Amino acid sequence: MILQELTLIKGAVLFAFFILIISLFLAFFRLARGPVLPDRIVALDLIVSLAVGLIAGYTILTKQSVFLDTAVVLTMIAFLGTVAFARYLERRWL
Amino acid sequence: MIREWICAILLVSGALFMFVGALGVVRLPDLFTRMHAATKSASFGSVLMLCAVAVYFGEVWIIFETLLVIFFIFLTTPVGTHMIGRVGYLLGTPLWQGTVINELQGRYNMRKRVLESGLHDSATQTGNENKMDNHLNEIK
Amino acid sequence: MINIFRKILIKPFVIAWFVLFYLKELFLANMRVAHDVLTPRHRMKPGIIAIPLDIKSDLGILALTNLITMTPGTLSLDVSTDGSVLYIHAMYIDDLDGLRREIKEGFEKKVMEVFG
């Protein structure tokens, strides 16, 4: 249904989605492999950034500006998650 | 029409920046260089894609909301990076073997739980710098 | 009186200039990191260096660390407990004194103009 008439914007969004999904796989690779725990935190942070990009693309694709609110919440939760993980590591091992 | 082109270019370039960030996270050799890629490229990429949303809709409320998200990203990304880097260093994450200089070495005083500035004992600091200069010359 | 008036008039321009400078640095940073990631060989010389700070206010230090994290190949790691030295991780240390001077005279001066 989305692909019925392919405009410039739709093509750009789909291309961006393609790149972002490849990037997600790369980030997952680092998340799974990361030699130390901070590496995994960095990968998680990156995954949330990619998710914000995906949300931005989806907002444009569906023309529903409500989805932008999700991006607001997601950035906040990402920050809280990063800080919580860092504090946890600091308390746990030091 | 021109607005659509701007929007499409912003979207694709944002996605490409994020791809560079992800590739850097996989390819670069140690935690700190990986953080360089993850913070700069990825946050810049998401900012570009949010700008694309603002350009596409062009309504005041949405532009305001996008600016809010961008401001929040710029405020929080460095703080998060700072905390991860600090913890990573404290946990003894190995630096890449090509690392040229480490002036943080021995500055953490774990007993007193402070990070010393090293300004008061200037003799040791100049000693460090000389050693480091020699090291740089050796590398060149 | 005139001084206050001047401050109110000029401050927005200083802040706008600061924002433009910030965006320019951000763009350059991304280009450089992208170049190093995409080319097959790592040409970088990373390292952790200490930078003595002249800024005293917490807000100024926050702005400076944010700016440093978002600019070419530098990443702020920690501030010493007494707030007098900033430790940063830099990706390209070709010329140590040059890098230090660049941060002291480029970024710190601009941040001090805005945040005092």
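Which side chains meet in a salt bridge at 2.6 Å, N to O? The close-ups below give the answer, along with other details of this predicted model.

**View 1. A salt bridge joins Glu90(A) and Arg86(B).** The side chains of these two residues meet at 2.6 Å, N to O. Across the interface of chain A and chain B, the rule finds two salt bridges. Three helices of chain A each give two or more residues to the side that touches chain B: H1 (8-33), H2 and H3 (67-93).

**View 2. Chain A meets chain B.** Here 45 residues of chain A are in contact with 46 residues of chain B. About 4,200 Å² of area is buried between the two chains. Carbon and sulfur atoms give 84% of that area. Polar contacts are counted too: four residue pairs, with both residues at pLDDT 80 or more. What kinds of residue make up the side of chain A that touches chain B? There are 30 nonpolar, nine polar and six charged residues.

**View 3. Val48(A) sits in helix H2 of chain A.** This helix covers residues 37-62.

**View 4. Val48(A) is in contact with Leu74(A) and Ala78(A).** Neighbours of Val48(A) within four places in sequence are left aside here. Now look at Ala71(A), which is 23 residues from Val48(A) along the chain. The C-alpha atoms of Val48(A) and Ala71(A) are separated by 9.6 Å.

Key: Residues numbered from 1 in each chain as written. Chains lettered and ligands numbered in written order. Predicted model: local features only at pLDDT ≥ 70, side-chain atom pairs only at ≥ 80, totals over all residues. Heavy atoms only, no water. Helix = DSSP H or I, 4+ residues; strand = E, 2+ residues; numbered from the N terminus. Contact = heavy atoms within 4.5 Å. Buried area = accessible area lost by both parts, 1.4 Å probe. Salt bridge = Lys/Arg side-chain N within 4 Å of Asp/Glu carboxyl O. Polar contact = N/O pair within 3.5 Å; in protein donor to acceptor, adjacent residues only side chain to side chain. Nonpolar A, V, L, I, M, F, W, Y, C, P; charged D, E, K, R; others polar.
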